[in-house]
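Please read it alongside the model.

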Amino acid sequence: MSKLFVVQYGAGWCGPCRQLKEVLPNICTELGAEYIYKDIDEKQNMEESCKLEIRSVPATYIYSANSIEEINKDVTVGIKGKILGYNSKEEFYTLIKNSL
């Protein structure tokens, strides 16, 4: 059975990225979603960042997969949605809700 993976590509120096680390798990909990949250430093994971053509952070991707290993094999497969930048809580809420 597929699980919901919420993956945020960010950077330690990025204020909005740090804020999202708190917001995204809370939204998933509010929705009652079974999810796994993963925070990735885009500079330390350049291969993934290049495959996804990430040009700015934060970049939030929602995946449906059986395991994180499945995503790690190819980060371009299983994407159910994405938001680039820091948007309103409502936009993240809608993205995650529509991905369930």
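Which exposed residues does the face of α4 turned away from its buried side carry? They are E90 and N98.

## Basis

This is a predicted model: local features need pLDDT of at least 70, side-chain atom pairs count only at pLDDT 80 or more, and totals for chains, interfaces and linings use all residues. Residues are numbered from 1 along each chain as its sequence is written, and side-chain values use heavy atoms, without hydrogens or water.

## Helix α4

Helix α4 spans residues 89-99. Helices (H or I, at least four residues) and strands (E, at least two) are DSSP runs, numbered from the N terminus. F92, L95, I96 and S99 are buried (under 20% relative accessible area; exposed is over 50%, partly exposed in between; 1.4 Å probe, protein chains only). Seen down the axis of α4, these buried residues fall within an arc of 90°, so they line one face. The arc is taken from the directions from the helix axis to the C-beta atoms.

The cover over them includes β1 (3-10), α1 (15-31), β3 (59-65) and β4 (79-84), with contact meaning heavy atoms within 4.5 Å.

## Cysteines

The count of disulfides (cysteine sulfur atoms within 2.5 Å) is zero. The closest cysteine sulfur to that of C28 is in C17, 17 Å away and too far for a bond. C28 is buried at 1% relative accessibility, and C14 is buried at 4%.

## Aromatic pairs

The whole structure holds three aromatic pairs (Phe, Tyr and Trp rings, six-membered for Trp, with centres within 6.5 Å; planes under 30 degrees apart are stacked, over 60 edge-to-face, the rest tilted). Y9 and Y61 pair edge-to-face, 5.7 Å centre to centre with 90° between the planes. This pair links strand β1, which holds Y9, to strand β3, which holds Y61, 52 residues apart.

Y9 is buried at 1%, and Y61 at 2%. Y9, Y61 and Y63 form one aromatic cluster.
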